[in-house]
Amino acid sequence: MSVKVMIPTPLRQYVGNRDAVSAEGRTVDEVLRNLASANMQIKRHLYDEGGQLRNFVNVYLNDEDIRYLQRGQTPVTEGDTVFIIPSIAGGSTGLASEFTYDDIQRYSRHLLLPEVGLEGQRKLKRAKVLVIGAGGLGSPLLLYLAAAGVGTIGIVDFDVVDFSNLQRQIIHSEKDVGRKKIDSAEESIRDINPTVKVVKFEERMTSDNALDIIKNFDIVVDGTDNFPTRYLVNDACVLLGKTSVYGSIYRFEGQVSVFEAKKGPCYRCLYESPPPPGLVPSCAEGGVVGVLPGIIGTIQAMEAIKLILREGEPLIGRLLLFDAMKMKFKELKLHKNPQCPVCGENPSIQKLIDYEEFCGLGRGNALSDELTITVEELSRKLNAKEPVVLVDVREPQEWEINRLEGAKFIPVNELPSRVSELSTADDIVVYCKGGQRSSYAVRFLRDIGFKKVKNLTGGIIEWVLKVDPSMMRY
Ligand SMILES: [Zn+2]
């Protein structure tokens, strides 16, 4: 009968640095004695002068301690695994209670690392990490944190898997389209590591629930894609004294940092306030290359694991910039701003605020009714042949996918230099994909004297949904 014997780290040097060897025998005792006679050096570590197994060596057959079976006489069968567990300086091994035999196998490459080892694996198992967003960044984050053995993983997400997510959100599969992301993500985590406890928050994170959600976790990893949530997560983490791992992506570029307000700057020290709505397109509007969140999310996972292990140098006070096209990393120093409104010396923000409003997305900042038009109303006007000048402020590659008939194409950043192509006498309707960039354009045109300009609410996506479903959606 040939069985596998797992060799603990301190004894590997006696068996050619292997973590497992095979040995013959019908009982555990025979297997170990055969192992010892084939590797004379290991013998004195396993057996005392009287030939008895040393009492600081515990032996497991699969996941059972042989002292609770038939000790050395426990029979073995083909395919069994014998595990030698010497006691570890400083107390009981704790192995039996905290890790199963499967766990030891699963994490064996971690256990080999002096920076992780059993103690580090224990820290990972006890860690509670909250991942906000089960999308592009959340996908590699959740998969790697689960695979690494982070014991409790919280997920905040209220979205549903869409076909357009599959290009980068690798935690979801085609069969998951239409399902809640949080359920699909949980299933993928279970497939990789069923020992992880998944805590699901199927809701949008808001000022009302953020502190309650975050307070039970050690580390927060921010995988969000919008400014209100990003400021909310930052402020909540500063107020609760939690560390957050920040990551953001756009087109071919990414940023990563670690914010721990006690030791370094926070997100507000970096960017005190967000850009005006519509100026910086989201990934849904500006696009993102599929591999990029894989790279940035994986770096975030690495930082989270280092923080849990308390090993290495975290990105505190440093902003890592990644440019996929140039394939270059660049690092900038970040300084704590003593005047930071949330982590500074005299913080003005001592409780969570209205982040939609703060980011210019609240109702107070919305375009007034006379500056907007619904898709139904526009459709009626066009059918009635009313004179309307349509202006499409999207990018050329979006224009290639779909467009409204007769529209004038002026990408939003070309608008200031091409404004002479438009007349203040015309009724103008501006549209983009979802209505953000066009609202920025409408404000701009209003400010320079266009009085008859309106924003198409919901953009061309809304038009496809409500007016012309035969058009291509993206
Ligand atoms: Zn700050």
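**Note on the predicted model: sheets, helix packing and a few single residues**

1. Five strands make up an open sheet with parallel pairing, and their order is β14-β18-β17-β15-β16. At the edges stand β14 (372–373) and β16 (408–409), each of which pairs on one side only. This is a predicted model, and the points below should be read with that in mind.

2. Strand β15 (residues 389–392) runs parallel to β16, and 2 bridges join them. To find this pairing in the structure, look for V391, whose bridge partner in β16 is K408. Helix α18 (residues 436–447) packs on the sheet, where it touches β17 (428–431) and β18 (453–456). The direction of α18 makes about 175° with that of β18.

3. K385 belongs to the loop between α15 (375–383) and β15. Its phi is positive, about 60°, although K385 is not a glycine. As background, most residues other than glycine have a negative phi. Is K385 buried or exposed? K385 counts as exposed, because it has 7 C-beta neighbours inside 10 Å, and the cut-off for an exposed residue is 12 or fewer.

4. Another open sheet of 5 strands has the order β2-β1-β5-β3-β4, and here the pairing is mixed. Its edge strands are β2 (20–24) and β4 (64–65), each pairing on one side only. Helix α1 (residues 28–38) packs on this sheet and touches β1, β2, β3 (57–61) and β5. Between the direction of α1 and that of β2 the angle is about 115°.

5. Within that sheet, strand β1 (residues 2–6) pairs with strand β5 (residues 81–86) in the parallel sense, over 3 bridges. A position to check is M6, which stands opposite F83 in β5.

6. With strand β9 (residues 219–222) the pairing is parallel, over 4 bridges, and D222 has Y246 of β10 as its bridge partner. With strand β11 (residues 253–259), β10 pairs in the antiparallel sense over 7 bridges; here V245 has V258 of β11 as its bridge partner.

7. Why is β10 described as largely enclosed by the rest of the structure? The reason is that 7 of its 8 residues are buried.

8. The hairpin of β10 and β11 has 2 residues between the strands. R251 lies in this loop, and its phi is near 55°, which is a positive value in a residue other than glycine. With 14 C-beta neighbours inside 10 Å, R251 counts as partly exposed.

9. I219 is a residue of strand β9. I219 is buried, because 23 other C-beta atoms lie within 10 Å and the cut-off is 20 or more. Leaving aside residues up to four places away in sequence, I219 touches V129, K242, T243, V245, A304, L307 and I308. T206 is 13 residues from I219 in sequence, and the C-alpha atoms of the two are 18 Å apart in space.

10. Helix α7 (residues 138–148) packs with helix α13 (residues 292–309). What are the angle and the axis separation of this pair? The angle is about 40° and the axes are 7 Å apart. That angle makes α7 oblique to α13, and the crossing is right-handed. On the α7 side the contact is made by G138, S139, P140, L141, Y144, L145 and A148. On the α13 side it is made by P293, G294, G297, T298, Q300, A301, A304 and I305.

11. α7 is also mostly covered, with 9 of its 11 residues buried. These buried residues are G138, S139, P140, L141, L142, L143, L145, A146 and A148. They pack against α6 (117–126), β6 (128–132), β7 (152–156), α8 (181–192), β9 and α13. Just after the helix, G149 takes a positive phi of about 95°.

Terms used:
Residues numbered from 1 in each chain as written. Predicted model: local features only at pLDDT ≥ 70, side-chain atom pairs only at ≥ 80, totals over all residues. Pairing = 2+ DSSP bridges. Axes fitted to C-alpha atoms, helices over the stretch in contact; angles between N-to-C directions. Parallel < 35°, antiparallel > 145°, perpendicular 65-115°, else oblique. Left-handed = near helix turned anticlockwise from the far one by under 90°. Contact = placed C-beta atoms within 7 Å.
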